[in-house]
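Good morning, and thank you for joining this group meeting.

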Amino acid sequence: MPISDLLQALQLDPAFTRQVTSWQRLPAQPARYAPYPAGLDGRLPIALRERGIHLPYTHQSQAIAAALAGENVVVVTPTASGKTLCYNLPALHTLLDDPDARALYLFPTKALAQDQLVEIREMVELLQADITVATYDGDTPQGHRKAIRQGARLLLSNPDMLHTGVLPHHTNWAEFFAGLRLVVIDEMHTYRGVFGAHVANVLRRLRRICRFYGSDPAFILTSATIANPAEHARRLIEADVTLVEENGAPTGEKHLIFYNPPLIDPDLGLRRSSLLEAQKLGERLLFHQVQAILFARSRLRVELLLVYLRDAVAASGGNPATIRGYRGGYLPAERREIEAGLRSGEVRAVAATNALELGIDIGQLQAAVITGFPGTIASTWQQAGRAGRRQEASLAVFIAGAGALDQYIVQNPGYFFGRSPEHALANPDNLVILTNHLRCAAFELPFQAGEQFGGVQFTAELLDMLAEEGEIQQAGERYFWTDSAYPAAEISLRTASPDPIVIMSRRKDELVLTIGEMERETAPILLHAGAIYLHEGQTYLVEELDWEQGHAYVQPAEVDYYTEASSVAEMEVLAVHQQDQEGELIRGYGDLEVRSQATGYRRVKRWTHETLGYGEIDLPESVLETSGYWVSFTEPLVERLRARGLWQSDPNDYGPNWQQQRERTRARDGFRCSQCGTPERPNRQHDVHHVRPFRSFGYRPGENEAYLDANRLENLRTLCRTCHQRLEQGVRLRSGLAGLAYLLGNLAPLHLMCDPSDLGSFAEPQGIHNDLPTIILYDRIPAGIGLAERLYELQAELLVASQSVLENCSCTHGCPACAGPVPEGTQILDWNPKELTLALVREALTTATQSAAELDADAAD
């Protein structure tokens, strides 16, 4: 059915249009063609004509010409613009011209490699050429691998397999590396952050091995639109590149809608769930026979959206089997089946994470629904581009979540449309990552004295360190690997730990089936005992998480709820790299140690999202050494706010009878949590919680005895760490300091090209390194990837954005879109959390502005 019918129905629906903050119509663009470059093997245009391609687009012609001239090329054009031809033709030209030549294609996922395998084999078949094309990844059968090593001339793989399965065994690939003329790196924009830093080092190792075998391959890189494609490509391959970015491919008309779910409580700023709004829109798309993809930000949200859509379709008499899910953790056969169903049209809608954001061929989808801001402007355009992949009209709808980042985007659409996509950041010289890959490189080939690893000036110092640790040994002018370990096997390019948790289903007949896998970093939150694990819409109860063996055992369960886990964190500043004072603000960045632990979970009813109960998680603490940025507020600034009644972030003094009352409360409650009944453990006492917040009693040491009322046994309850954290979370968000930490943590990813989950935030009334009220934003990645230094530079910009959000939010006391959700009981407080946060931001900006003016005046003198 033409999508115009759906668009007209939406335009005529006032309930829908009331919530639309922006409706952009992007007009269709005609194709622009150019001749094939001179010197291209004449057999290639003939083969393409048989496929209906008579001339290349302008960007394809430009990229092919640059590649034939021996240049490294980076191609940056939108989704479905024909980037594949930009590297397939140069590769096939090289292989046809030189029978000893080899080419290597690297894709970020195995699915993309399988996709391109079909495409390139069709071309080779049309050419009737003697070119063996093969994939080589974790799914390649062992019995096929030797033949591929010996005979493949065009190899399709991924950085992970190159890292563990090819480079360490390069002697088995000697002929391939000696003939390697071209390396293709597809979807270059995905190689950012920690993954990008790892891949850049893998490419350093690849080029080092190529030099050993006498080859020096050229590179062709492709990317979605980012702000710094040439710079990012140079960082990855450490060589000059030619940029091709003028798109000549045709595009169909696209409608891009920003939709903000309706408010259900204006005072608290509470909105209807974005998931439920996506489900409602998904039903509408299916009713109009529009094939669609619905993106969600996490595995859990994808599975919930899948369940909601299937329930709604079944209730209306439809076939729920035509709705599928797609995310990491599904087995390869499941993913291939879903992709084929989308191409054939059998699958009418798919709920997916960003695993389907990349260029896998999934047919001609007509609509994309983006549930929650993906984290970057570039990713938003990439997901929107999954609809309308040919020349027909298409629709993309961004449905905002309740958080500050989503609300900032949906309420400021001009910011989104007027801003260029973000920079891709990767730091190959991250010391932890670099040292690990130096180990791998030493295992692969001895280092010569004075040899640099890539452009690293301090290679010699690192080699000496490894020698001191006994992993390598210097003999004459060379360093040899001597350790018995196989270093590549211990390093995961994508996660902190290389071995995932395998999810196994126990059934009544005692048959155990592997149904998926999950990285260890996520397992404590999603696979703890008692968790509900959702897989393709099916619910499983986690019975056991065997951390040592790497297995999670689950049992099929028919339940109407899901689980959400919570965790606590503590941190310590290990080293200060830079710190300065700007007026009455102290900003800095350095090394941190973050200790975190999953402590408990809640059971949440589907559809209504009401809490049904709680449980405790008993798993070991994790320790992360990383980098962080901080801003501290000096005493003069705090004192001004305190004098105006606008500072409520001081640590509590619970009065002289606190310890006595605390012990009496624990004894009264039988040393059990009064919420969930969990008894105290031998090594940890339970907490004691004030039912009515202590601060609301107005205790002033030396001035009154209000602590006596506050610490009455009737106002005290014994709580385990999990239940206490859940109740206290709201109290923490009642202060201006925690409100600003919440807001900065939500806005910062918009100014960095990072996923919101890559950044953590922390607020302490007494800073762990300076005793001042402090907010810390930190990398969730070991050793950090440079986000802390960039945040240090962006402090003023972030504070200005925070002030704008607070001043323009219509809530009264704070909400998820500004200073954080306001808990029940806020009305009994003597202060307004949103007002406190705004006052702190204004004071911070005032003192920073005055400091800058004084510096300018000093400079003028």
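Let me begin with helix 10 (residues 193–212) and helix 11 (residues 229–237), whose axes approach to within 7 Å and cross at roughly 50°. Helix 10 is therefore oblique to helix 11. G196, A200, L203 and R207 of helix 10 make the contact with R235, L236 and I237 of helix 11. By class, these residues are four nonpolar, one polar and two charged.

A word on the basis: this is a predicted model, in which local features need pLDDT of at least 70 and side-chain atom pairs count only at pLDDT 80 or more, while totals for chains, interfaces and linings use all residues. Residues are numbered from 1 along each chain as its sequence is written, and side-chain values use heavy atoms, with hydrogens and water left out.

Some terms are needed. Helices (H or I, at least four residues) and strands (E, at least two) are DSSP runs numbered from the N terminus. Axes are lines fitted to C-alpha atoms, for helices over the stretch in contact, and angles between N-to-C directions run from 0 to 180 degrees. Angles under 35 degrees count as roughly parallel, over 145 as roughly antiparallel, 65 to 115 as roughly perpendicular, and the rest as oblique. Contact means heavy atoms within 4.5 Å.

A second pair is helix 5 (residues 83–97) and helix 6 (residues 110–127), which pack at about 45° with their axes 12 Å apart. Helix 5 is thus oblique to helix 6. In this contact, T84, Y87, N88, L89, L92 and L96 of helix 5 meet Q116, E119, I120, M123, V124 and L127 of helix 6.

Seven strands form an open sheet with mixed pairing, in the order 1-9-16-15-12-14-13; two strands pair if DSSP finds at least two bridges between them. Its edge strands, each pairing on one side only, are strand 1 (20–26) and strand 13 (323–326). Within the sheet, neighbouring strands are turned against each other by 15° on average, direction ignored. Helix 14 (residues 332–344) packs on the sheet and touches strand 13 and strand 14 (349–352).

Strand 15 (residues 367–371) and strand 16 (residues 394–399) pair in the parallel sense over five bridges, and T371 stands opposite I399 in strand 16. Is I399 buried or exposed? I399 is buried (under 20% relative accessible area), with a value of 1%.

Note on methods. Nonpolar A, V, L, I, M, F, W, Y, C, P; charged D, E, K, R; others polar. Buried < 20%, exposed > 50% of the residue type's maximum accessible area, 1.4 Å probe, protein only.
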